[in-house]
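Subject: Handing over a structure, with notes

Dear colleague,

Please find the structure below, followed by my notes on what was found in it.

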Amino acid sequence: MTGAIFGVNGPVLTVTGQDGFRMSEMVLVGEERLIGEVIGIEAARSTVQVFEDTTGLKPGELVYGTGSQLAATLGPGMIGNIFDGIQRPLRAIEKSSGVFISRGVHVENLDTEKKWEVKFLAHSGDKVSGGDIIAQVQESPSITNWVMIPPGVKGALKKVAPDGLYNIKDVIAIVASDASGPKNYFQDGEEAPKSPETEIFLAQKWPIRNPRPVKQRKMVDRPLITGQRIIDTLFPIGKGGMAAIPGGFGTGKTMTQHQLAKWSDADIIVYIGCGERGNEMTEVLEDFSKLKDPRTGKALMDRTILIANTSNMPVAAREASIYTGITIAEYYRDMGYHVAIMADSTSRWAEALRELSGRLEEMPAEEGFPAYLASRLSSFYERAGNITALNGKSASITIIGAVSPQGADFSEPVTQNTKRFVRVFWALDRSLAYARHFPAIQWLTSYSEYLDDMQPWYEANVGPDFLTHRQALLRILYEESDLMEIVKLIGSDVLPDSQRLTLEIARVIRLGFVQQNAYHAFDTYVPFAKQLKMMEIILYLNEKCRKLISLGISMNVLKACDIFDQVIAIKYNTGNSDPAQLNSYFKEIDSFYGRLYENNA
Amino acid sequence: MEYMGLSEIKGGSLVILEGVDNPAYEEVVDITVDGWQKKKGRIVQIFGDKVVIQVFEGTTELSLHNTVTKFTGKPMELKLSEEILGRVFDGLGRPIDGLGDVYAECWRDVNGKAINPVSREYPRNFIQTGISAIDGLSTLIRGQKLPIFSGNGLPHDQLAAQIVRQASLGADSDEQFAVVFAAMGVKYDVAEFFRRTFEESGAIERVAMFLNLANDPVVERLVTPRAALTAAEYLAYEKGMNILVILTDMTSYAEALREISSARGEIPSRKGYPGYLYSELASLFERAGIVRGSKGSVTQIPILTMPNDDITHPVPDLTGYITEGQIVLDRGVHQRGVYPPINILPSLSRLMKDGIGKGFTREDHPDLANQIFSSYAHVNDVRALASVIGEDELSDVDKRYVEFGNILESHFISQNKFENRSMAETIELGWETLGALPRNELDRINPKLLDEYYRSRTASDF
């Protein structure tokens with residue numbers, strides 16, 4: 001199937017001379033075989049978006065159809081790797097075109113030469129269907145790749161290769177298929193002929209715009225522990241949940257995403273740098289190779305996959321990068337892993353949609369964004385979830401999307417539409433960021449809707465008090481915000497002592513608990529158990545102080561003691577490994593209470 | 001291939017030509033008007049044999065019958081060699097200093113190519129600018145893109161000139177340092193001010209200037225920063241130099257983009273700017289950096305004027321999302337007589353965290369900077385309160401905050417236009433300033449560092 005270029009407008013081509021392209025088909029454009037995708041078909045003309053720079057293209061150059069949709073190659077070799085928006089490995093591109101990315105570079109998505117040590121788990125004659133695990137490969141020091149039968153294939157294993165070394169192009173098994181099976185994507189991404197035999201490889205292809213099938217979706221039932229106090233304790237996200245981090249520039253979206261990618265207890269992290277800075281991807285590559293995963297002790301890079309479409313890379317590939325990332329995540333989810341995706345930033349993806357929509361001269365909706373912005377966002381976020389995979393394993397995908405609202409105005413279309421589809425909202429605040437209060441998550445406007453779903457988990461694993469304690473902590477912060485309205489007008493000295501105490505405890509919560517130092521050796525990641533103890537200590541301090549105030553002891557007397565500053569300094573003064581040390585703070589508070597009671601009452 | 005006449009002339013910069021054989025997207029065309037006047041253009045859209053051409057010098061004097069259009073078959077390219085240093089070019093990279101043509105060692109496409117993220121080296125070495133508010137609180141790192149957000153009438157040019165004068169890579173550095181200066185739609189006086197500054201500081205031999213002044217063709221403005229950055233990349237990555245690029249004024253660049261976009265009938269997004277403004281700005285700013293295997297670096301200081309001092313205007317807003325921080329100049333600070341009038345709270349250097357502290361500047365630098373930000377944020381709250389209840393009614397602690405705020409502005413941020421402070425002086429000055437606050441208010445600093453450096457001071461000590 002070939003056509004010829006008729007018109008060129010930025011990344012969008014008009015193609016004539018064919019009528020057989022399919023929607024979403026991948027095409028190769030011109031002599032350099034640039035990769036493109038069919039996005040519109042009319043009687044005489046098709047519209048194609050090109051994922052590379054179109055400078056120098058001429059009318060009349062040929063456009064070749066491939067017959068298949070734009071697909072990701074899923075197999076061992078992805079962990080620890082960095083890809084561009086259409087899954088071309090950037091290290092291989094560097095080898096072929098140097099420090100600058102040239103166009104028309106054709107490299108394999110995964111290393112086809114590398115031999116993997118494969119250990120088979122299934123035997124000849126076994127009945128298998130899509131999702132079943134037949135072999136295992138140690139993909140990285142911390143991740144085992146469970147080799148699966150591709151979705152759609154069903155039948156009996158006719159032949160299984162012996163254990164040994166294979167590359168991703170070697171046939172490792174043959175399935176005698178049920179002829180009735182649905183369509184089946186295999187090695188070349190083409191729809192398989194309905195042959196009675198299907199060859200199985202270490203890798204499989206999957207079209208990036210189609211969600212991979214699961215057996216069943218389930219409600220979110222447990223939290224993703226991130227080691228960040230304001231998230232785990234105040235606004236938790238569940239495994240399989242969806243969250244948005246909106247914030248103006250400089251409020252720490254990327255920083256928060258990096259912290260989550262480093263410390264959250266997901267098995268695998270897919271980090272999508274979508275239209276962001278090149279140096280940030282370099283930073284992740286450098287940092288994650290050095291840092292150790294607190295759970296496995298292995299390098300963080302051994303569980304991380306990076307997708308980079310920096311802001312100066314072609315805009316059409318930016319639109320695709322989000323789908324490439326989530327397809328890779330779904331592949332590992334199907335093996336039974338808990339995967340978390342960081343998409344930084346979904347606004348750039350929405351802007352890519354807007355730019356392409358503008359070139360297609362579609363009717364714009366709000367602020368020039370296309371009318372289908374909301375449906376595209378929702379179909380992306382709905383690919384998250386807590387599920388049972390086809391092979392019966394429990395697994396999940398958690399999506400955490402950064403949003404970059406124009407002018408830090410949360411009423412703009414991307415933030416508002418995202419808010420409709422996510423259930424956790426971590427609003428970053430400019431005034432907190434200006435005071436270098438990080439993470440700059442504003443507790444007054446943020447929320448999590450997963451608390452009720454996860455209540456049984458908290459009761460079973462944390463204790464019955466967790467939710468009430470959390471509520472108590474938040475209430476103090478809310479009261480502080482109300483009081484500050486008054487303080488702004490008349491100063492804090494005129495408030496009654498009980499309210500001055502609220503302000504003081506709120507200060508302890510803000511500085512000692514909510515604020516967390518990402519550059520500190522152990523404050524960067526705080527185990528959940530320590531978070532809980534810290535919360536209890538603060539509430540205990542609050543309770544004792546209230547008693548003293550009700551006995552008529554003045555706030556000035558309380559403030560003269562350094563107990564408040566001691567509690568604030570807990571985060572730096574006690575390590576993560578020693579929760580017993582935290583118990584001494586209760587005694588400190590008791591003796592502070594006793595001392596004041598003796599001296600004043 | 002030459003074509004007589006045109007099919008259509010649209011607005012100030014676009015022409016349409018039909019019946020063109022084999023045009024290439026982004027190809028450069030030479031247009032001769034009335035047999036003698038030369039103009040350059042670029043193909044911006046192709047539809048069959050019909051092409052839309054953007055004319056850099058504008059469409060004045062063009063008619064449907066008086067032109068000859070020649071297709072060059074190549075995208076916009078720039079002649080390069082080390083001889084470009086010390087020279088002055090127009091917005092398209094043609095010499096205008098009367099010294100003749102540049103010897104061309106090579107030709108480069110001005111659009112450049114994206115640096116592969118795996119080939120980048122993460123920037124970690126600071127550039128000492130001698131300006132305390134920058135060195136101490138928003139440290140400039142080699143290979144960074146750090147814009148100055150300013151407003152009309154604020155001394156951003158003086159600040160940029162001072163940075164160029166004083167920027168050093170450290171006293172013991174034997175590395176080569178050069179400046180590429182690009183002016184887009186600025187006044188003659190501004191360009192002349194920079195030229196004189198370079199001359200007086202003796203740096204003029206190490207500067208390449210690309211000038212598109214306010215009365216030069218608008219479309220040319222779209223090429224000027226690209227030409228300048230192509231020169232910078234060449235000098236940095238092929239000649240191993242450390243290049244500082246000054247781009248001024250990015251707002252004019254964005255406005256040129258808007259003008260062309262609206263002439264082409266494109267769907268606007270915010271305030272009439274095209275939806276691809278972000279990608280366009282990114283294609284310039286992302287050309288800063290350091291690549292592995294090369295000694296050189298490209299550091300960018302773009303200057304933009306915020307219309308109506310509004311930081312949420314699309315140009316500063318999108319810029320802030322791309323660049324690695326920003327230096328924000330503030331009219332209020334300026335009116336209090338502070339030079340440079342940097343508002344430190346919204347100012348930020350994202351790369352600072354990895355380029356300061358132990359092994360780079362001094363171990364106490366990160367905590368010190370954090371504390372100054374945090375305390376100064378409180379100063380603003382206290383000032384707001386004082387404007388309601390009066391300064392006399394403030395609590396004793398809050399009074400000390402007011403004092404601290406004033407001292408910070410007058411001693412730390414404020415400095416002479418020719419004062420070049422060392423990093424050690426800046427850090428010492430930071431500690432002196434913090435001395436105006438009681439020790440127990442300093443909650444961002446490690447107590448061990450407080451023991452070592454904190455000395456209480458009263459207003460009379462300053």
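Throughout these notes, buried means under 20% relative accessible area, exposed means over 50%, and partly exposed lies in between, with a 1.4 Å probe and protein chains only. This is a predicted model, in which local features need pLDDT of at least 70 and side-chain atom pairs count only at pLDDT 80 or more, while totals for chains, interfaces and linings use all residues. Residues are numbered from 1 along each chain as its sequence is written, chains are lettered from A and ligands numbered from 1 in the order in which they are written, and side-chain values use heavy atoms, with hydrogens and water left out. Helices (H or I, at least four residues) and strands (E, at least two) are DSSP runs, numbered from the N terminus.

The sheet in chain B

Two strands are said to pair if DSSP finds at least two bridges between them. In chain B, eight strands make an open sheet with mixed pairing, in the order E9-E13-E12-E14-E15-E11-E16-E17. Its edge strands are E9 and E17 (348–349), each of which pairs on one side only.

Strand E13 of chain B (residues 207–213) is largely enclosed by the rest of the structure, because seven of its seven residues are buried. In a regular strand, side chains alternate between the two faces of the sheet. From E13(B), B:Val207, B:Met209, B:Leu211 and B:Leu213 point one way, whereas B:Ala208, B:Phe210 and B:Asn212 point the other way. E13(B) pairs in the parallel sense with strand E9 (residues 88–90) of chain B over three bridges, and B:Val88 stands opposite B:Met209 there. It also pairs in the parallel sense with strand E12 (residues 177–186) of chain B, over seven bridges, where B:Val179 has B:Val207 as its bridge partner. Further along, strands E14 (residues 242–248) and E15 (residues 297–305) of chain B run parallel and are joined by seven bridges, with B:Ile243 opposite B:Val298.

Salt bridges

A salt bridge is here a side-chain nitrogen of Lys or Arg within 4 Å of a carboxyl oxygen of Asp or Glu, and the structure holds 60 of them over all chains. One of these is formed by the side chains of A:Glu286 and B:Arg124, at 2.7 Å from N to O. A:Glu286 belongs to helix H4 (residues 278–290) of chain A and B:Arg124 to the loop between strand E10 (106–109) and helix H1 (132–137) of chain B, so this pair joins two chains. A:Glu286 is partly exposed at 24% relative accessible area, and B:Arg124 is partly exposed at 23%.

Within chain B, B:Lys40 forms a salt bridge with B:Asp30, and their closest N and O atoms are 3.1 Å apart. B:Lys40 lies in strand E5 (residues 37–47) and B:Asp30 in strand E4, so the pair ties together parts that are 10 residues apart in sequence. B:Lys40 is partly exposed, with a relative accessible area of 23%, and B:Asp30 is also partly exposed, at 23%.

A further salt bridge, at 2.9 Å from N to O, links the side chains of B:Arg195 and B:Glu199. These two residues are four apart in helix H3 (residues 188–200) of chain B, which means that about one helical turn separates them.

Backbone features

Most residues other than glycine have a negative phi, and most peptide bonds are trans. A cis peptide bond, with omega about -10 degrees, joins A:Phe438 and A:Pro439, and A:Pro439 is placed in the loop between helix H9 (430–434) and strand E26 (447–448) of chain A. That loop also contains A:Arg436, a residue other than glycine whose phi is positive, near 55 degrees; A:Arg436 is buried, with a relative accessible area of 9%. In chain B, a cis peptide bond joins B:Tyr339 and B:Pro340, with omega about -10 degrees, and B:Pro340 lies in the loop between helix H8 (331–335) and E17. B:Glu26, found in the loop between E3 and E4 of chain B, has a positive phi of about 75 degrees although it is not a glycine, and B:Glu26 is buried at 16% relative accessible area.

With best wishes
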